[in-house]
Amino acid sequence: MKRNLLIMLLSALCLCLVLVSCGDKTPGETTAATTEATPETGYRLPAFDFEGHEFNILSAGRRNVVENDFLFDDTNPSVLDAAIEKRNRAVEALYNIKIVTEQKNTTANQQSPEAYRVLIREATAGDYTYDACVIPGYDVSQLAYEGYLTDLNALPYFEAENEWYDAKANETFTFADKLFFTTGDFGINMMDQAYCIAFNKALAQQYNIDDPYELVEDYKWTLDKMYSIAKEVSDDTDGDGVTDVFGVLYWVDAVYGVVNAAGQKMVTLNEDTYNYELTINTETTYNMLELFFNMVKDERVSTMYKHNSANKEYVEIFSGDKALFFMTTIGTLGDFRDMETDYGILPYTLYSETQTEYANTVAPFYMNFLCVPLLVENAERTSAIIEAIGFYSHEYIIPAYYDKTLNGQYTRDEESSAMLDIIFDTRAYDLGYCYQPANLNKNLIYMVEGGSFDWASRYASLEQPAKIILNMISQSYRRAVGIEE
């Protein structure tokens, strides 16, 4: 306990020093030059010469799943590789720097503790190895409330309102006007990990279902509607008494998505008390979970694929016209480039037709966020370069990923492109999936895996320990930002 208290006090002191140095807008030794308008949009980036500085980015994530947003293949480049190189080169030329990255991966399913340990070691040793980091949500959220990250809003040139930052992420992760981590257009991984629902067009036509695109546009695309359509399509085509065409193909993680899709969050910040509160125990959440559970456990209608199977079982099922709806992520759709049957893309379903906005979870296990270490060698330099990365990512990465890669390879019709607009504009981030209070989030999955809808009893047994954990996190945050001594 004494050691933990000492570390927290040291972190708080270091954070205060960083916030003071950032707040006066004159850190470091660099002198600002006049600004000059950048191409295409006329947005004015500050003009500096950073004299060959190596801008070191720590990148971390789960091996073979999370991509490094700053590395590219220059021997056999894809459209996206070319865009990443173009973005990097533009930033390097603008500021006379060299972008370098250090990759730290893990085989763990949930986080990359290597990055967590590295940043704590950096802060306690007073080192400035990394200018910026892109690390998993589980780690970055803990580093934030323990006081090991810099407030992005305090950096001289960081502007959270710029279009290359995700407004939903900024809103979710801001604490007392402080923002310790976020994401944006540089984050290819965050686009790949957005939840979506693919549908098989051949089966849709064969069974003459309602047009899913019209349902989405009319806000009639509800979970209840999806279930009713799935029942229509599920079929025993060979008459052996066993379903061989399913309405729904899913994995257990889909349960996270339906909670957010209903407009609900597991954890929400009370902005009056600056206390994180459990907000999942609502009638809407319960009803949505019950409907989802009834749908996925209806063996005549739904089938769960084997996760991480060597042959990617979901590819055979969906591309083999054996499932109408596939609850998945955008990045997974790359496995269907060679699929003969056309398919479309939809956002996650609403809870009811009274909802006015869709919500599409970003896969909690694979979220990666931008942050800056607690100790900033030159806040002016760091923030100027981060803004340039954001600007040029918006100019080059988004067109390559979105318009060329997605529209040219994943999607096969104009309607799906419109659906992607909805999905990316309504990405949902849930603090409960980051903080994992008393493993309440995982119990959503355990319930689906176990085959018994006992959410009320699970919640009741975990509510108090979850509240205690959230209270501790809230206190740590308030100390980190100077609200509570």
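Predicted model: local features only at pLDDT ≥ 70, side-chain atom pairs only at ≥ 80, totals over all residues.
**Exercise 1. Which element gives the largest share of the lining of the largest cavity?**

*Solution.* First find the elements that supply two or more residues: these are strand 3 (53-62) and helix 13. Then pick out the largest share: helix 13 provides it, with 3 residues.

Keep helix 13 in view, as it returns below. Helix 13 spans residues 379-410.

**Exercise 2. Glu387 lies in helix 13. Is Glu387 buried or exposed, and what does it touch?**

*Solution.* Begin with the relative accessible area of Glu387, which is 1%. The cut-off for buried is under 20%, so Glu387 is buried.

Then look at its surroundings. Leaving out residues up to four places away in sequence, Glu387 touches Tyr43, Leu45, Tyr157, Phe158, Glu159, Asn162, Trp164 and Tyr165.

**Exercise 3. Which residues of the largest nonpolar core touch the most other members?**

*Solution.* The core holds 168 residues, and those touching the most other members are Tyr276, Phe292, Met327, Ile330, Phe424, Leu444 and Tyr477. Helix 13 contributes the largest share of this core, 16 residues.

Take Ile330 as a worked case. Setting aside neighbours within four places in sequence, Ile330 is in contact with Met191, Asp192, Ala194, Cys196, Ile345, Tyr401, Leu406, Tyr410, Leu420, Ile423 and Phe424. Among them, Phe424 is another residue on the list above.

For background, nonpolar side chains tend to be buried together in soluble globular proteins.

**Exercise 4. What percentage of the residues of the protein chain count as buried?**

*Solution.* Of the 485 residues, 58% count as buried. The chain has 17 helices and 17 strands.

Now step out to contacts and surface. Among contacts with a separation of 6 or more, 79% join residues 24 or more positions apart. The accessible surface comes to about 20200 Å², and 46% of that belongs to carbon and sulfur atoms.

Notes. Residues numbered from 1 in each chain as written. Heavy atoms only, no water. Core = buried A, V, L, I, M, F, W, Y, C linked by side-chain atoms within 4.5 Å. Buried < 20%, exposed > 50% of the residue type's maximum accessible area, 1.4 Å probe, protein only. Helix = DSSP H or I, 4+ residues; strand = E, 2+ residues; numbered from the N terminus. Contact = heavy atoms within 4.5 Å. Areas by Shrake-Rupley, 256 points an atom, 1.4 Å probe, with all protein chains shown as cover.
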